[in-house]
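Hello,

Here is the structure I promised to pass on. Please open it first, then read my notes below.

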Amino acid sequence: MLGVILAQPPLRIVMEELQHRDLLGYLWKCRQDGSSGSLHDITEKRIFIMARQVASAVEYLHSQQCIHGNIRAHSILVGSNLTAKLWGFGSLYRRSMQGTVGAVESIELKKWQAPEVLSRRAFSYSSDVWSIGILLYEMVTLGDPPFAKLLANELLQYLQRGKHLKRPPTCSHALYSLIMSCCRWSPQHRPSVMELIQKLQAEEISANGSTVLRVPGPLDIEKYMREAGYGEAYNYAVL
């Protein structure tokens, strides 16, 4: 935030220009732009850096006894220097009251939600950690939807059978191990956000920062929306 204008209504907040808009759109541009050295390049090291920035924002929210509940690539804004900034609070932003908050009914979010949320139990701080794991999957696949072969309403039963996200071809074993630690069934077995930040920092040091991630094949928006669980009438624009 650069400033606030209070002189006369309406209240106005002046924000920095975020050149790359939301992270999902940026990942799609990385997928479509095949030229090396372009503005739309992402490496594994960059994934760890951006994920750490998101996790730091989440850690602050948790320190204020707040749960985000809507962490995904579309809820991250990307600045000109590729700094990741968490947004997307909207109606999903919940203040923790005695450790519980109401579940959010939204078919479009199910593939990013932890099992305890899908089963209509309470949100917890660990629910945000699960979503960060799904965010890492989105980043390493350059914007693929998670659990693409499943309908959103089939996901809980799939997870109850002990199934999980498959390792993408572009994903290193170290990154996949981190995704899996975030996406453990039991909230108690997931790392805390602070532990996750420390792991991201450690992996960032040795991560590949030169090999640009590439995904073959053009982006099919209709296929993405179908596999991500969006309704046919949902209006989604590529930024």
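**Pockets and a helix pair**

By class, the residues lining the second largest pocket are six nonpolar, no polar and two charged. Keep in mind that this is a predicted model.

Which residues line that second largest pocket? They are Met 1, Met 15, Glu 16, Leu 18, Leu 77, Lys 85, Leu 86 and Trp 87. The space in this pocket is about 200 Å³.

Now the largest pocket. It holds about 420 Å³ of space. Its lining is made of 23 residues. Nearest its centre lie Tyr 137, Asp 144, Pro 145, Ala 148 and Glu 227. Which helix gives the most to this lining? Helix α8, residues 221-228, does, with three residues. By class, the lining of the largest pocket has 13 nonpolar, three polar and seven charged residues.

Next, a pair of helices. Two packed helices are described by the angle between their axes and the distance between the axes. Here the pair is α1 (residues 23-32) and α4 (residues 125-140). The angle is about 30° and the axes are 9 Å apart. Angles under 35 degrees count as roughly parallel, so α1 and α4 are roughly parallel to each other.

Which residues make the contact? From α1 come Leu 23, Leu 24 and Leu 27. From α4 come Leu 135, Glu 138 and Met 139. Five residues of this contact are nonpolar, none is polar and one is charged.

Best wishes

Notes
Residues are numbered from 1 along each chain as its sequence is written. This is a predicted model: local features need pLDDT of at least 70, side-chain atom pairs count only at pLDDT 80 or more; totals for chains, interfaces and linings use all residues. Side-chain values use heavy atoms; hydrogens and water are left out. Axes are lines fitted to C-alpha atoms, for helices over the stretch in contact, and angles run from 0 to 180 degrees between N-to-C directions. Helices (H or I, at least four residues) and strands (E, at least two) are DSSP runs, numbered from the N terminus. Angles under 35 degrees count as roughly parallel, over 145 as roughly antiparallel, 65 to 115 as roughly perpendicular and the rest as oblique. Contact means heavy atoms within 4.5 Å. Ala, Val, Leu, Ile, Met, Phe, Trp, Tyr, Cys and Pro count as nonpolar, Asp, Glu, Lys and Arg as charged, and the others, Gly among them, as polar. On a 1 Å grid over the protein atoms alone, a cavity is a set of points where a 1.4 Å probe fits but cannot get out, and a pocket is an open set with protein on both sides within 12 Å along at least five of seven lines; lining residues have an atom within 4 Å of a point. Grid points are joined across faces, edges and corners, and a volume is the space filled by probe spheres set on the points.
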